[in-house]
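Hi everyone, thanks for coming.

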Amino acid sequence: MHLVLLVEEQSMEALLQTLLPRLLPDGCSHDVHAFRCKTDLKRKVAARLRAYARWLPDDWRILVLVDRDRDDCRALKEELEKAARGAGLRTASGDERWQVANRIVIEELEAWYFGDWQAVRRAFPRVSPTVPDRRGYRDPDAIAGTWEAFERILQRHGYFRGGLRKTEAARVIAAHMDPARNRSKSFAVFHRTLMGAVPAAAL
């Protein structure tokens, strides 16, 4: 089977290209396609899905990942669902044999790092181990300004003084991530969808 992941930017692409080979079983291939930004993805995803719909094999699944940022989560999800339905594709919201799953990263990718702080500490050993226990950081998906908060913490401990290099950080953290310990609910939903796609596509 084959998975196609459509993402809004290069740091998510870097994370998935590092993480997926560790998660997917032998015989399951994947491609990750990064758009220039969230606006670019939203503008182009309907046409991309229509193109896939013309020839999509039965054992392919498409996952669309976008950051919530400050958008209304339900409205954003419905916008993506509408694009998939408009292309004539079955979505994970209404069909067990789905072809497209739309998943929202809350608030943005860095929340997944806060969810697996052990992976962050293995990538950047000088950061404090107590960050997830502090008020404001206990729920990864509720952290406001997630990437800015993550950058501040790393800079405080001597990393990325000139600004967070998101793609580099994504790659090195992903090498240590363990889905079983990630406390981000949006990561758990993504991971559950990903793992569910493997047997679903083989039916």
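Let's start with C37: its sulfur is 19 Å from the closest cysteine sulfur, the one in C73, which is too far for a bond. The cut-off for a disulfide here is a pair of cysteine sulfur atoms within 2.5 Å. Seen from the other end, C73 is in no disulfide either, and a search of the whole structure finds 0 disulfides.

Before I go on, this is a predicted model: local features need pLDDT of at least 70, side-chain atom pairs count only at pLDDT 80 or more, and totals for chains, interfaces and linings use all residues. Residues are numbered from 1 along each chain as its sequence is written, and side-chain values use heavy atoms, without hydrogens and water.

Now the helices. Helix α1, residues 10-23, packs against helix α7, residues 166-174, at about 15°, with the axes 7 Å apart. That makes α1 roughly parallel to α7 (angles under 35 degrees count as such). Who makes the contact, meaning heavy atoms within 4.5 Å? From α1 we have Q10, S11, A14, L15, T18, L19 and R22, and from α7 we have K166, T167, A170, R171 and A174. By class, that contact has 5 nonpolar, 4 polar and 3 charged residues.

Note on methods: Axes fitted to C-alpha atoms, helices over the stretch in contact; angles between N-to-C directions. Helix = DSSP H or I, 4+ residues; strand = E, 2+ residues; numbered from the N terminus. Parallel < 35°, antiparallel > 145°, perpendicular 65-115°, else oblique. Contact = heavy atoms within 4.5 Å. Nonpolar A, V, L, I, M, F, W, Y, C, P; charged D, E, K, R; others polar.
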